[in-house]
Amino acid sequence: MTPNYQSSTAVLAAQAVEPRTVIVVPTYNERENVPLFVRRVREAVPECQIHFIDDNSPDGTGDLIQTLSDEDPRISLMRRTAKNGLGAAYVAGYTDALEKWPNAQFFIQMDADLSHDPQYLPAMLDAMKAADVAIGSRYVHGVSIVNWPLRRLIISRFGTWFAKTITRMPATDLTSGFKCYRADVLRAIDMSKIRANGYVFQVETSFRAWRMGYKLQDVPIVFHERSAGVSKMNMNIALEAFLVVLRLGLERLLTAAPPQPTIRKPAS
Ligand SMILES: Nc1nc2c(ncn2[C@@H]2O[C@H](COP(=O)(O)OP(=O)(O)O)[C@@H](O)[C@H]2O)c(=O)[nH]1
Ligand SMILES: [Mg+2]
């Protein structure tokens, strides 16, 4: 008799094509970092889907990812025609990923420059047993950042203090780009409505989740400044952050307090 055998093979085959975890990675000129990034992520979470969102990088990052993707179906690429900001890349990437892998449970975002060390991925997934959004935080134990210039640290510290004071969100690193969302939370946030485009995109997405009653959870990380390629941070992004945080603060004052978060059952 073969039916049982066939059905269990079918289940295995379905698991093979439907990843449980999708990692969404925006890239702009990250050719030097992508191969090591992929290797390190694979070591940490072997079965995950790594979905890159490339904004037509002049250094050929898109073509390199396409080559990797041809060899490994668990690597995929969304190509956009122009550099249009990090928030826009995330919105496009998440929309695409939710459509492509509707049964995935967790969607994680990471930078490609290895500042977000893939060794923390298991801890992020573990945190999701008792949270709806896990945030890789550089500020749980003082400051855990290696190799940042003082100016950069002051901007980030001040920005986080300001965002926390105005929004009152229960998380320590509000601009972190290392985050994990449960799939239903990501759908509920409806990122297509978010206009913020720089670091404050991270503040606004967490704010939306928190105001709907979802539980945010810090996961301590040590952040290492990139050793290859260059940062795309600029002062317009800081100004945008200031204005958006004020808008969120006003929204907090004008709307009802969020319901107490209900801790979800551990994912099987
Ligand atoms: N697709 C896309 N990716 C971007 C853009 N700006 C930055 N990135 C990527 O977003 C991640 C974080 O950017 P990075 O410049 O390292 O910012 P920093 O870590 O704050 O200095 C990296 O993987 C970048 O390649 C953009 O406009 N479009
Ligand atoms: Mg970086």
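This is a predicted model: local features need pLDDT of at least 70, side-chain atom pairs count only at pLDDT 80 or more; totals for chains, interfaces and linings use all residues.
Local features need pLDDT of at least 70 and side-chain atom pairs count only at pLDDT 80 or more, while totals for chains, interfaces and linings use all residues. Residues are numbered from 1 along each chain, chains are lettered from A and ligands numbered from 1 in the order written, and side-chain values use heavy atoms, with hydrogens and water left out.

An oxygen atom of ligand 1 lies 2.7 Å from a side-chain N or O atom of Arg152. On the backbone, a polar atom of Tyr28 is 2.9 Å from a ligand oxygen, and an N or O atom of Pro26 is 2.8 Å from one. Taken alone, ligand 1 exposes 570 Å², of which the protein buries 96% (Shrake-Rupley method, 1.4 Å probe).

Where does ligand 1 sit? Its place is the largest pocket, as more than half of its atoms lie within 2 Å of the grid points. A pocket is an open set of points on a 1 Å grid where a 1.4 Å probe fits, with protein on both sides within 12 Å along at least five of seven lines. This one has a volume of about 1100 Å³, the space filled by probe spheres set on the points. Its lining comprises 50 residues, each with an atom within 4 Å of a point. Helix H9 (a DSSP run of H or I, at least four residues) gives the largest share, eight residues.

Note on methods. Helices (H or I, at least four residues) and strands (E, at least two) are DSSP runs, numbered from the N terminus. A polar contact is a pair of N or O atoms within 3.5 Å; within protein, one must be able to donate a hydrogen and the other to accept it, and residues adjacent in sequence count only if both atoms are side-chain atoms.
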